[in-house]
Amino acid sequence: MSVDASPADRFKQFRPASPASNGNGVLSASPASVKAAHRLRLNPTSDHEPDSYEDLQSQLDFSPMLFSSLERYLPPPLLTLSRDAKVDYMRDILLRYSPEGERTRVLRHREYRQKILANYKPLHRELYTMHAASFFVPSFLRALKENTEESFRSIITEPSPGIYVFEMLQSRACAMLLSEVESFERWVHDTNFRIMRPNTMNKYGVVLDDFGLETMLARMMDDFVRPIARVFFPEVGGSTLDSHHGFVVEYGMDRDVELGFHVDDSEVTLNVCLGEQFSGGELFFRGVRCDKHVNSETQSEESFDYSHSPGHAILHRGRHRHGARATTSGHRANLILWCRSSVFRELRKYQTDFSSWCGECLRTKRARHQLSLASTKLELMKRERRAS
């Protein structure tokens, strides 16, 4: 599964051409020229709360969430401008540096979502606003409120390096999500509407962002996943997660039975079992790898199998190679949230050493270090013999 940079990644460091230029690079004193004189920031303004652009969805060429994410990278003088002015500035950047094919895809996907949102009637309205107290288990909320590594470790187990397991969702929340997905699938069946599946590997399941849950999932990532990822996955952008892809996958004899060996298109993946009654379906993990080493052999200490439990979450790096064994009976559904960091993806373009998270890079680095030590030791021994 390829991991490509998002549209936002390609333009953060560029300075857009000014619409107010006189053709010789000289800017007029108009408001547009003032905005064009500033570069986007390389790092986001962490304490800035961006505007919401959801109500402009029908007017925007790109996802409203992309505008909210990009706003954090605006230079300080632009943050005080009106929302309309910021939209104009960000749209100009997106249109200039996003490939034509990407713009066409985004526009088509927007039209696709608009058709769904205009016709599908949500079954559980409260699900779309997500009241935390009735959604998450109390122990999870207490840990998030304290927001320390110690509080997180009090509710989390790490059965294998880089794999974190904890109880997250109340049974009522799991049931409500399943019920909403079933309601959407009935609507799809009754209207003969052709939907996009979550990814290239799953033939069943639905993309939650496509029928109105994008804002809820963005909040889940911002308020409930990123604080944990900041502590446990800092080396892959855990503190700068700024976009997501959320979906539910379904397994069973009449659904997807298993899932092949792969890596996710994410920096951090949240996987929560929603139920129901099932046997089999264990996840198997086989080590974290960068693009160069994704097909390298698995070391014995990297092998780990995980059995799902309803309401419990497993959090891991997107580059942690894994798959799902066959669900031999019953029906299993899981909420998957791929969390991405545009900052990490931009920086990764200029890196060659990923030993802070890639198991094979780390082994190669250690092997070189051992070879260097052995060579140095041998040279010292030779000098001692010559001196004697």
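How far is the sulfur of Cys 174 from the closest cysteine sulfur, and in which residue is that sulfur?

**View 1. Cysteines without a disulfide.** This is a predicted model, and the structure holds zero disulfides. The sulfur of Cys 174 has its closest cysteine sulfur in Cys 273, at 7.5 Å, which is too far for a bond. A disulfide would need the two sulfur atoms within 2.5 Å. Cys 174 is buried, with a relative accessible area of 4%. Cys 339 is also a buried residue, and its relative accessible area is 0%.

**View 2. The open sheet of four strands.** The strands follow the order β5-β11-β8-β9, and their pairing is antiparallel. At the edges are β5 (259-262) and β9 (303-306), each of which pairs on one side only. On average, neighbouring strands of this sheet are turned by 20 degrees against each other, direction ignored. In general, the strands of a sheet pair through backbone hydrogen bonds, and the pairing can be parallel or antiparallel.

**View 3. Strand β8 and its two partners.** On one pairing, four bridges join β8 to β11 (residues 320-324), and the two strands run antiparallel. Here Phe 285 stands opposite His 322 of β11. The pairing of β8 with β9 is antiparallel too, over four bridges. In this pairing, Phe 284 has Asp 305 of β9 as its bridge partner. Strand β9 has two faces: Phe 304 and Tyr 306 form the covered face, while Ser 303 and Asp 305 form the uncovered one.

View 4. Helix α12 covers residues 359-387, which makes 29 residues.

**View 5. The largest nonpolar core.** This core has 64 residues. Those with the most contacts inside the core are Phe 135, Phe 136, Phe 140, Met 168, Leu 208, Met 220 and Leu 270. Around Leu 270, leaving aside neighbours within four places in sequence, the residues in contact include Phe 166, Met 168, Met 220 and Val 225. Also among the contacts of Leu 270 are Ala 313, Ile 314, Leu 315, Leu 335, Ile 336 and Leu 337. Another core, of 19 residues, lies apart from the largest one; among its residues are Leu 40, Leu 74, Leu 79 and Met 90. In soluble globular proteins, nonpolar side chains tend to be buried together.

View 6. Most residues other than glycine have a negative phi. Met 130 is in the loop between α5 (100-119) and α6 (132-135). At 1% relative accessibility, this methionine, Met 130, counts as buried, because the limit for a buried residue is under 20%. Asn 147 also has a positive phi, near 55 degrees. The place of Asn 147 is the loop between α7 (138-146) and α8 (149-153). With 35% relative accessibility, Asn 147 counts as partly exposed.

Key: Residues numbered from 1 in each chain as written. Predicted model: local features only at pLDDT ≥ 70, side-chain atom pairs only at ≥ 80, totals over all residues. Heavy atoms only, no water. Expected span 1.5 Å × (residues − 1). Core = buried A, V, L, I, M, F, W, Y, C linked by side-chain atoms within 4.5 Å. Buried < 20%, exposed > 50% of the residue type's maximum accessible area, 1.4 Å probe, protein only. Contact = heavy atoms within 4.5 Å. Pairing = 2+ DSSP bridges. Axes fitted to C-alpha atoms, helices over the stretch in contact; angles between N-to-C directions.
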